Amino acid sequence: MPSSESSNSKKKNRADAGAAGGAGHSHGIFLAVWALRVLCGAVFIFSGWVKAIDPWGTVFKFNEYNQALGVSFPHELIVAGAFLLAAVEFALGVMLLTGAFKRLSAWVLAGFMAVMTPLTAWIYFTDPVADCGCFGDALIISNGATFAKNLVLLAAAVLLVLWNRRVKGIVKPAIQWVVLIFSLVYPLVLSLYGYTVQPLVDFRPFAVGEPVSDAASVPEPRYIYSKGGVEQAFLADSLPDDGEWTFVRREEPAKNAKGSEIAILDADGDDITADLMDESANGMMLLCVSEPAAHGISRSHMANQLYTYLDYRDIPMVAVVASDSIDAWAAMVGAQYPVYFADDTDIKTLVRGNAALVYVRNDTVQWKYSLYSIDPELLPEEDNNPGDNVISTITPVEDNNILMYLTMAYIAVIIVIVAMSLVRVKPAKLRKAENKAADSH
């Protein structure tokens, strides 16, 4: 009997040890899965969100890739691809972060990385584009860093394919489709606004409040002197002359708050950016056209209507066009306003969209809008009230709080869904049995 009891005791101990080991193993997988969900989910949410904010940036990047590959696609197809990519990336990130569609989201992530990793390897080794555009203009990283990032995400995707189903998410399977729908609609709405009006967040140089001309963008250089081991910066008109200071170095300022500038050239090729900005004390309208061939008759009519409206109020308006023959373009569209040249990349950096408006005052950007997003009824062709200046009352898209309202509404929906999932509700049969037992007593 003692030997039998001893044998049973050993078996029990081994079983307990196995259970403890299994519990530890499960706990490790639980932590690993949630760490991978947070990592991959955060990356894809951020990537999809910045692409949704600025769909034009994705369109331009697609065009760069197409040029490097020697292929071309219709503009409408490229725009649809930009919208779809932003929505899928954002929704996939949310699915991963909440643990919804555990099997599907892991396989979609793996498929996504199986395509993107070789693509970024090609970009890293051949350098066909300056950067991949993964995070738009919000976060520009090198091609090497992009390749390394995707290798990490690919490894994470493989582990999630293996483990993701073992760990519950924070959204019930019965209502996870609601999270998916709202996570697709939210970035699509942002993309639509960013494409037709302007991005709700401007990650580029020349944002609202920043100068346009290089002269205004560049502050004076600073001269660093040292005294008693302590360095101090001086401007040219306040250099120390007491002999106790020792010159150390000269620091050149950045040309723009974000390191960029634009050159507006006349027909002779002279840079007139600073001269134009000198005339902007009371306001100036820049009509920016990055693709002159797409600027049709209807747009030309509205541009002339806007010019007439502004001219009656002594507000100058000029067109900045990416065309080698600005005179021929002006004649083709019947432009009543002066037309100047700028590089298409500079124009696309200054403002998004083709035929877009930038309102400048004192060489400072006041607002940006697509030409078509301005209501033409605000610009009557026969106007006898020059004191009524609608243009000066327009506010930047960032001041309209559209992004805040959309984001708050989306987050509120997700919070409600998660809260509903975390609340435990007893099955109807169990509640009925408990009520019956209570009645019997």
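Author: Axes are lines fitted to C-alpha atoms, for helices over the stretch in contact, and angles between N-to-C directions run from 0 to 180 degrees. Two packed helices are described by the angle between their axes and the distance between the axes. The model considered here is predicted.

In these terms, helix H6 (residues 176–196) and helix H12 (residues 402–422) cross at roughly 175°, and their axes come within 10 Å. Angles over 145 degrees count as roughly antiparallel, and H6 and H12 are therefore roughly antiparallel to each other. On the H6 side, the contact is made by Val 178, Val 179, Phe 182, Ser 183, Tyr 186, Val 189, Leu 190 and Tyr 193. These residues meet Ile 402, Leu 403, Leu 406, Thr 407, Tyr 410, Val 413, Ile 414 and Ile 417 of H12. By class, the contact of H6 with H12 comprises 14 nonpolar residues, two polar residues and no charged residues.

A second pair is formed by helix H4 (residues 102–126) and helix H5 (residues 143–163), whose axes lie 8 Å apart at an angle of about 155°. H4 and H5 are therefore also roughly antiparallel to each other, and their crossing is left-handed. The residues of the contact of H4 with H5 divide into 18 nonpolar, six polar and no charged.

With a relative accessibility of 17%, Phe 147 counts as buried, because the term means under 20% relative accessible area. Beyond residues up to four places away in sequence, Phe 147 touches Thr 117, Thr 120, Ala 121, Tyr 124 and Phe 125. The C-alpha atom of Phe 147 is also 9.0 Å from that of Met 116, although the two residues are 31 positions apart along the chain.

The loop between H4 and H5 contains Asp 131. Asp 131 is buried as well, with a relative accessible area of 15%. Its side chain reaches the backbone nitrogen of Gly 133 at 3.0 Å. Apart from residues up to four places away in sequence, Asp 131 touches Lys 61, Tyr 65, Ile 140, Ile 141 and Asn 143.

Val 59 is placed in helix H2 (residues 55–69). Val 59 counts as buried, at 1% relative accessibility. Once residues up to four places away in sequence are set aside, Val 59 touches His 75, Ile 78, Val 79 and Ala 82. Between Val 59 and Glu 76, which are 17 residues apart in sequence, the C-alpha to C-alpha distance is 9.9 Å.

Asn 282 provides an exposed counterpart, at 63% relative accessibility. Asn 282 lies in the loop between helix H8 (273–278) and strand S4 (284–289). Leaving aside neighbours within four places in sequence, Asn 282 is in contact with Ile 315, Tyr 359 and Arg 361. Asn 282 and Val 360 are 78 residues apart in sequence, yet their C-alpha atoms are 8.8 Å apart in space.

These details belong to a protein chain of 13 helices and eight strands. Of its 441 residues, 42% are buried. Among contacts between residues at least 6 apart in sequence, 74% join residues at least 24 apart.

Definitions and conventions: Residues are numbered from 1 along each chain as its sequence is written. This is a predicted model: local features need pLDDT of at least 70, side-chain atom pairs count only at pLDDT 80 or more; totals for chains, interfaces and linings use all residues. Side-chain values use heavy atoms; hydrogens and water are left out. Helices (H or I, at least four residues) and strands (E, at least two) are DSSP runs, numbered from the N terminus. Angles under 35 degrees count as roughly parallel, over 145 as roughly antiparallel, 65 to 115 as roughly perpendicular and the rest as oblique. A crossing is left-handed if the near helix is turned anticlockwise from the far one by less than a right angle, and right-handed if clockwise. Ala, Val, Leu, Ile, Met, Phe, Trp, Tyr, Cys and Pro count as nonpolar, Asp, Glu, Lys and Arg as charged, and the others, Gly among them, as polar. Buried means under 20% relative accessible area, exposed over 50%, partly exposed in between (1.4 Å probe, protein chains only). A polar contact is a pair of N or O atoms within 3.5 Å; within protein, one must be able to donate a hydrogen and the other to accept it, and residues adjacent in sequence count only if both atoms are side-chain atoms. Contact means heavy atoms within 4.5 Å.
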